[in-house]
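These exercises ask you to read a protein chain step by step, from its overall make-up down to single residues. Keep the structure in view while you work through each solution.

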Amino acid sequence: MNEPLLRIGEHMVTLGEALAGLGAAAVAALLLLLVAVARSGAARRREAEDAEMRLENLERLQAEATGRLQAFASALGARQANLARGVAERLDAVGARVGEGLNASGQATAEQLQRLEARLAVIDAAGAQIGALAGQVTDLRAILANKPARGAFGQGRMEAILRDALPPQAYAFQARLSTGVRPDALIRLPGDRRGLAVDAKFPLEGFERLRLAENPEATKAAETRVRQDVGRHIADVAEKYLIAGETQDVALLFVPSEQIHAQLAESFDDVVQRAHRARVLIVSPSLLTLAVQVVQGLTRDAALRDQAHLLQAEVGRLLDDMRRLAERVDKLKQHFGQASGDLDQIAISAEKIARRGARLEQMELGPAPAAETLPNPLRRDAAE
């Protein structure tokens, strides 16, 4: 046991020391192991406790999460229900609006269709009128193509204008003149025994040829025909209807078309000047209407002049009535003056009576005297 085992520096380690050291080392290791085991057990207990605490925390967190999930689910369900209800309400409102819009659109469409039908009816009526006018235009062309019918047409238009604007006594149709000729109309001017002759037989053949001309040669020939026909007719009117002392110094040549009158004034100025020199006025329907209005004004002025003496007589009678009224007013003023004087006298008498009554009230009466000796103040006042 005391045998040396190894040398550590100068100290010799024996076997016993080595065994003792090993035992001490073993005991120390055991102690260390026990301490480690104890420490590990405590750590494990702490870990177990921590694990249990963590599990409890996890369970609590899980319960809280479950509660939150349930609350979220219930809230989500409520929100979904609210959303579904709101969507349903909005859909109902949108459906109602769409229905109202469709109804309004349907009504508006129906109204527009009704208006369209009314307009179509108006268009149909206008088409029928246009067709009638087209027929009338065709008839008018036929009338203008026929010389006797054309004369009757011009005569009818001229007579219609005169009948519409003048009183019956201011015109005459087909009146015979001293030479035996009969103008289409004779207009009587007020204050003048001479009549204004009107002719309605205007030649239109040359104008019809001018309208149908297709080349310069035909146009020139038609213009020559117009100048010849119209010039000859102007000379006939001046010769037949201008009678000194019986008709006016001018005569009217009626053209039944405004277009022909405008064409005549624009393209045939020489013919118009020739008519002026012959004291023949070429008039269209509008110019004849204007001339008739002038005659109507002259007729009205003449009627006023004829009634002027009646107006003067009535004014004289009115002045006489005014003079008599002024005289009667003066007499009435005199009567009022006399009545005022009488009223003043009555007022004076009333004042005297009032003064006497006051004196009677102020009198102091003594003992009653005998009847035969009692003075009578009223009699004294009356005597006064």
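A residue is called buried when its relative accessible area is under 20%, exposed when that area is over 50%, and partly exposed in between. With this cut-off, 20% of the 384 residues of the chain count as buried. The model is a predicted one.

**Exercise 1. Describe the chain as a whole, and state how confident the predictor is in it.**

Begin with the secondary structure, which consists of 9 helices and 7 strands. Next, consider the surface: the chain exposes about 27900 Å², and carbon and sulfur atoms supply 59% of that area. Then turn to confidence, where the average pLDDT of the chain is 76 and 80% of the residues score at least 70. Over residues 136–146, however, the pLDDT is below 50, and this stretch has 8 contacts in the model beyond near neighbours in sequence. Residues 377–384 also stay under 50 in pLDDT, with 5 contacts beyond four places in sequence.

**Exercise 2. Decide whether strand S5 (residues 195–199) is largely enclosed or open, and find which strands pair with S5.**

First, count the buried residues: 5 of the 5 residues of S5 are buried, so the strand is largely enclosed by the rest of the structure. Second, sort the residues by direction, recalling that side chains in a regular strand alternate between the two faces of the sheet. In S5, Gly195, Ala197 and Asp199 point one way, while Leu196 and Val198 point the other way.

Third, look at the partners of S5. Strand S4 (residues 185–188) pairs with S5 in the antiparallel sense over 4 bridges, and here isoleucine 187 stands opposite leucine 196. Between S4 and S5 the hairpin has 6 residues, and in this hairpin glycine 191 takes a positive phi near 75°. Strand S6 (residues 251–254), by contrast, runs parallel to S5 and is joined to it by 2 bridges, with valine 198 standing opposite leucine 252.

**Exercise 3. Is valine 27 buried, partly exposed or exposed, and to which surface patch does Val27 belong?**

Then compare its relative accessible area of 47% with the cut-offs of 20% and 50%; because the value falls between them, valine 27 is partly exposed. Finally, look at the surroundings: Val27, Leu30, Leu31, Leu33, Leu34 and Val37 make a nonpolar surface patch of about 550 Å².

Methods
Residues are numbered from 1 along each chain as its sequence is written. Side-chain values use heavy atoms; hydrogens and water are left out. Patches are made of residues with over 30% relative accessible area and no salt bridge: like charges are joined within 9 Å, nonpolar side chains (Val, Leu, Ile, Met, Phe, Trp, Tyr) within 5 Å. Accessible areas come from the Shrake-Rupley method with a 1.4 Å probe; for residues, only the protein chains shown count as cover. A salt bridge is a side-chain nitrogen of Lys or Arg within 4 Å of a carboxyl oxygen of Asp or Glu. Buried means under 20% relative accessible area, exposed over 50%, partly exposed in between (1.4 Å probe, protein chains only). Two strands pair if DSSP finds at least two bridges between them. pLDDT is the predictor's confidence in each residue, from 0 to 100. Contact means heavy atoms within 4.5 Å.
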